[in-house]
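Hello,

Here is the structure I promised to pass on. Please open it alongside this email and follow the notes below.

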Amino acid sequence: MFSSNPYTEFHFDEWFHTLNPSFLSFYFIVFVLLLLFVYYLVPGRVQWVVLLAGSIAFYSTAGVNTLVFVLMTSFIVYCAGVCTGCMDQEGDCNKQKKKSRFYLMAGSIVLLVILLFCKLHSFLEWKSGFVVPLGISYYTFSSIGYLADVYWKKDQPEGNYFKLLLFILFFPKILQGPVAKHRILAGYLYQGHRFDYRSFCFGAQLVIWGYFKKMVIADRIALFTATVFSDEGAPGGAVLCIAVILSAVQIYSDFSGCMDIAAGVSQMFGIVLEKNFNHPFFAESASEFWRRWHITLGVWFRDYVYMPLVISPRLIRLSGMAGRKAGKRAGRAVLTVVPLSVVWVLTGLWHGTGASYLVWGVYWGSLIILSTVFAPEIRKMSKILHVDLEKKGWKVFRTIRTFLLFCIGRIITVPGDLHVSGMIFKRILTQPKLWQLVDNTLYEQGLEWKEFALALFAAGILWFVDIQQEKGCVREKIAGWYLPVRCVFYVASIMAVIIFGIYGPEQGGSNFVYIQF
């Protein structure tokens, strides 16, 4: 960044282009601290302006062209929201409602077309000067949800374009979500906040924990999994099984770590983001898993895709026809199968445009649909086999089973090619090569044994903390410690991240997995 010649002139524009919108940069920490200082220095009524300026500056490091793109998109959302919300003033109610629906549909279609274009641009690798804006999936879904809520009178249209722009661009959530609801987040963004020591400390704790999960666990495991999945010849089924299991821990640590950083930084500003993870590896079924994983995305699909389909007159008529021809149960099944099929195909396509993600969506959709439709048979079978559904052992079995189902899903998507996924399944089932677990092959896959042991130890800490969080708020417990003990704990936690964290190019670490969506 600086020349060895002490008399060389410093060029701000060159330095600016070395930055990037990432939580994993030293500049990000400095940026947050400076923004916090200014935020709490100004009067509460203009704090949202500071947040907007900071969010624009943060996003601008991805390139001015991407910022211009987001500004234009947000203006479309603003106009569509105002028009949708102002159609109930005077005149014919049905006519006004049709106009309101028109603006909702027009705005939503424009947003979806833009998103589809960007998805195809990335998938087909079109050679052009166009750069796909970061976080486009997240702010597109949030914007469509905002328009729908305005249409349904669940939210009020935002009359100030710049306030709506802050909702869309708010820097902790712009890269990887959560998929925020305007009616929930707006109250926190636009009102003033006084500095609260407790909230600041709680937020800082969450940020440190997020960095630990990302840099110490996820990035370390990534060195192992990337090597295993890139080698088509050496690893046998046993090593592949370990890589698949660790890959599940990796993506959880990566994504939830990002969410912890986003939520922690927001809490330091007095702003509460919607919870996006609730210890999904403790889920006992596929449907429960997805109520715990990427919660805001699941809620978005439930509110804006699943429920509108369920109450759609056409689907209700189809359900009635099926009920008359094949029985009431078939009619009820239609109301389950059709909406869930649409939701999971769209969920797969949201995660990626390749065939792997489509198959992944069908895989999870099938599991949830089958378990829902055949729930009565499953309960009868449990009674016949004298299975006590409330016993702890059975719950542990269900939890392990659900985790393994998630691991199978990882095999579908991680290689990025269904043929390679098929080869991995085949080698796991037919070529275990158990001796590779003891002949040092395991420690030749990107991590030597000490680093491998450290990854497992860190994952053990994650598991222990998650258990404690299931029982209660860990941060509340830490707050009850004596001040000297808390200080030692904070310093030790920060040093653990600094010493044991994995750093990529320019000390920035590898980027978050879900940022590509």
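**A helix pair to start with**

Helix α14 (residues 313-326) and helix α15 (residues 328-351) have axes that come within 6 Å and cross at roughly 145 degrees. The crossing of α14 past α15 is right-handed. On the α14 side, the contact is made by L315, L318, S319, A322, G323 and A326. On the α15 side, K328, A330, G331, R332, V334, L335, V338 and P339 take part.

**Overall picture**

Please keep in mind that this is a predicted model. The protein has 22 helices and zero strands. It runs to 517 residues, and 48% of them are buried. Take the contacts with a separation of 6 or more: 75% of these are between residues 24 or more positions apart.

**The core**

Nonpolar side chains in soluble globular proteins tend to be buried together. Here, the largest nonpolar core has 121 residues. Which residues have the most contacts inside it? They are F28, F171, F269 and W293. Helix α11 (residues 237-268) gives this core its largest share, 16 residues.

F28 is worth a click. Leaving aside neighbours within four places in sequence, F28 is in contact with S22, F23, F58, F171, Y211, I261 and V265. One of these, F171, is also on the list of residues with the most contacts inside the core.

**Helix α4**

Helix α4 (residues 64-85) has 22 residues. At 1.5 Å a residue, α4 should span 32 Å. Its end C-alpha atoms are 31 Å apart, so the two values agree. The buried residues of α4 are T66, L67, F69, V70, T73, S74, V77, Y78, A80, G81, T84 and G85. An α-helix has 3.6 residues a turn, so residues three or four places apart point the same way. Read the α4 list again with that in mind: T66, F69, V70, T73, S74 and V77 are among its buried residues.

Is Q47 buried or exposed? Q47 counts as buried because its relative accessibility is 2%, under the 20% cut-off. Q47 is found in helix α3 (residues 47-60). A polar atom of the Q47 side chain lies 3.0 Å from the backbone oxygen of Y39. Not counting residues up to four places away in sequence, Q47 touches Y39, Y40, V42, Q191, G192 and H193.

T430 is exposed, because its relative accessible area is 52% and the cut-off is over 50%. T430 sits in helix α19 (residues 418-430). Its side chain reaches the backbone oxygen of K426 at 2.6 Å. T430 and G237 are 193 residues apart in sequence, yet 7.5 Å apart in space, C-alpha to C-alpha.

**Backbone points to check**

Most residues other than glycine have a negative phi, and most peptide bonds are trans.

- G177 and P178 are joined by a cis peptide bond, with omega about 15 degrees. P178 lies in the loop between α8 (171-174) and α9 (182-190).
- K153 has a positive phi, near 65 degrees. K153 is in the loop between α6 (136-151) and α7 (161-169). At 46% relative accessibility, K153 is partly exposed.
- K433 also has a positive phi, near 50 degrees. The loop between α19 and α20 (449-471) holds K433. At 22% relative accessibility, K433 is partly exposed.

Best wishes

Key. Residues numbered from 1 in each chain as written. Predicted model: local features only at pLDDT ≥ 70, side-chain atom pairs only at ≥ 80, totals over all residues. Heavy atoms only, no water. Helix = DSSP H or I, 4+ residues; strand = E, 2+ residues; numbered from the N terminus. Buried < 20%, exposed > 50% of the residue type's maximum accessible area, 1.4 Å probe, protein only. Polar contact = N/O pair within 3.5 Å; in protein donor to acceptor, adjacent residues only side chain to side chain. Core = buried A, V, L, I, M, F, W, Y, C linked by side-chain atoms within 4.5 Å. Contact = heavy atoms within 4.5 Å. Expected span 1.5 Å × (residues − 1). Axes fitted to C-alpha atoms, helices over the stretch in contact; angles between N-to-C directions. Left-handed = near helix turned anticlockwise from the far one by under 90°.
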